[in-house]
Amino acid sequence: MAKVSADQLGSEPIGKLLIKQAVPASIGILVMSLNVLVDSIFVGNWIGSIAIAAINVVLPVSFFIAALGMSVGIGGSSIISRALGANNQEKALKTFGNQIALTLFITIGMVILGLTYVDSIIPAFGGKGRIFEPAKIYYTIVLYGVPFLALCMMGNTVIRAEGKPKFAMIAMIIPSIGNLVMDYVFIYIFDWGMVGAAWATTIGYGLCFSYVLYFFISKNSELKIGWHHLKFDFPVLREISSLGFVTLARQATTSIVYLLMNNILFGLGGEAMVAVYAIVGRMLMFALFPVFGVTQGFLPIAGFNYGAGKYQRVRESISTAIKYAAIMASVVFVGLMIFPAEIASLFLSSKEGISASELAVNAYVLEHTPTAMRLVFAATPIIALQLIGAAYFQAIGKAIPALLLTLTRQGFFFIPLIIILPNYLGELGVWLAFPIADVLATIITGYYLRKEMKKELS
């Protein structure tokens with residue numbers, strides 16, 4: 001796979017460059033998504049469908065803490081891409097050093113709080129009834145590894161900002177493979193159940209951190225920081241925070257969505273309904289990997305060329321990214337519309353001797369998941385515009401419009417819809433909220449992106 005240097009971000013043809021950036025990002029996201037997907041299949045088949053629901057309860061908590069690292073990474077990487085484009089090496093180094101220090105400071109504090117209030121957090125996120133105990137086991141172990149995950153997410157975006165997508169891809173692949181191998185050993189061979197699933201995930205985070213650390217101390221990285229770069233620089237921190245808050249707000253909103261969805265669905269159908277959402281949620285992470293890959297590949301290209309004042313290349317990168325992402329989203333849409341039942345069946349145990357209650361949950365999940373999946377992904381072909389549009393404003397350092405457009409789908413539309421529609425339509429209202437929010441958010445993003453391009457990139 002071709003190597004991309006920072007300077008090439010401003011010179012190579014956009015289509016070729018986007019492929020070089022997006023393919024490694026897509027492969028990395030694919031492997032990470034496959035990890036979540038296969039991990040859920042292993043857990044569902046070797047432990048049970050209630051275990052899938054338990055992991056679904058824990059994910060928003062651990063992902064939110066990890067998202068703190070991602071938000072620091074993406075906010076700082078926008079600065080680094082533009083600094084490299086403007087040939088300001090010292091600002092890039094200072095930003096990276098502050099990213100490391102800030103990530104450690106925030107995530108360790110969050111882990112301490114998370115462990116202190118574990119018995120309150122799990123029920124609040126839908127970990128009730130038979131879900132509570134396995135969720136607590138998984139949560140407690142995984143939380144110890146979350147600071148490593150946060151550092152990985154932060155470091156991965158910086159690697160991509162340097163124009164090194166191949167290394168960013170490898171950093172995403174290593175923990176996924178490690179987790180799946182450990183799943184097999186700890187769950188299938190050692191029969192450790194939820195304890196095994198949790199330790200497999202935590203070890204995967206440690207492997208990822210080890211590789212990211214290796215990259216930055218090796219000759220492959222252009223960012224060689226000193227201890228003085230770790231000292232907090234408040235103007236840099238403000239810029240990181242304003243841009244990173246966009247990502248953090250998105251992830252915080254995602255955690256709120258999980259909280260609301262798990263509780264609303266538990267009220268509508270108990271543990272079985274939460275298991276349905278767990279499967280649909282895994283597909284939301286997995287199926288859209290090529291679209292997210294194009295978005296990740298687009299960010300450093302747009303940021304670098306905007307910083308270098310090459311606005312025609314920025315315009316071209318926007319249109320090319322939207323086109324590529326829309327094609328990928330349409331392919332995903334067709335597959336999910338045709339095979340939802342077959343996908344749902346992969347997550348359910350077929351082993352002999354499972355309990356009557358587990359059989360009842362499996363039957364419910366098989367009956368309800370296909371309809372849910374078709375409705376949730378109904379507007380998938382148009383989401384490319386919304387994702388690329390919001391990412392553009394983040395790439396060029398415009399935090400407020402990036403924040404508002406990022407929150408449009410889940411914050412402004414989806415959350416109110418899932419609170420209101422189930423009161424009238426029950427379960428159907430929950431699933432209809434997804435495509436309605438997608439359509440409304442895409443219309444608004446398209447309007448503001450077009451307006452911005454006419455004003456700033458003419």
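Me: Why is lysine 398 called partly exposed?

Reply: Lysine 398 has a relative accessible area of 24%. Buried means under 20% relative accessible area, exposed over 50%, and partly exposed in between, with a 1.4 Å probe and protein chains only. The value of 24% falls in between, so lysine 398 is partly exposed. One caution about the source: this is a predicted model, so local features need pLDDT of at least 70 and side-chain atom pairs count only at pLDDT 80 or more, while totals for chains, interfaces and linings use all residues. Residues are numbered from 1 along each chain as its sequence is written, and side-chain values use heavy atoms, with hydrogens and water left out.

Me: What makes the pair of glutamate 452 and lysine 398 a salt bridge?

Reply: A salt bridge is a side-chain nitrogen of Lys or Arg within 4 Å of a carboxyl oxygen of Asp or Glu. For glutamate 452 and lysine 398 the N to O distance is 2.7 Å, so the pair meets the definition. Glutamate 452 lies in helix α16 (residues 427-456) and lysine 398 in the loop between α13 (383-395) and α14 (399-420), so the bridge ties together parts 54 residues apart in sequence. Helices (H or I, at least four residues) and strands (E, at least two) are DSSP runs, numbered from the N terminus.

Me: Is glutamate 452 buried or exposed, and how do you know?

Reply: Its relative accessibility is 10%, so glutamate 452 counts as buried.

Me: How do you know that aspartate 233 and lysine 94 form a salt bridge?

Reply: Their closest N and O atoms are 3.5 Å apart, so this pair also passes the test. The two residues come from distant parts of the chain, 139 residues apart: aspartate 233 from the loop between α7 (194-217) and α8 (234-286), lysine 94 from helix α3 (residues 89-116). Lysine 94 is partly exposed, at 30%.

Me: Which other salt bridges can be named, and how many are there in the whole structure?

Reply: A search of the whole structure finds 10. Among them is the pair of arginine 409 and aspartate 438, with closest N and O atoms 2.3 Å apart. Arginine 409 lies in helix α14 and aspartate 438 in helix α16, so this pair ties together parts 29 residues apart in sequence. Both arginine 409 and aspartate 438 are buried. Arg82, Lys91 and Glu239 are linked in a network of salt bridges.

Me: Why is asparagine 262 called buried?

Reply: Asparagine 262 has a relative accessible area of 0%, so the label buried applies. This residue is in helix α8. Leaving aside neighbours within four places in sequence, asparagine 262 is in contact (heavy atoms within 4.5 Å) with Asn56, Val57, Phe125, Gly126, Val274 and Tyr277.

Me: Why are asparagine 87 and aspartate 191 called exposed?

Reply: Asparagine 87 has a relative accessible area of 72% and aspartate 191 has 61%, so both fall in the exposed class, over 50%. Asparagine 87 is in the loop between α2 and α3, and aspartate 191 in the loop between α6 (165-189) and α7.
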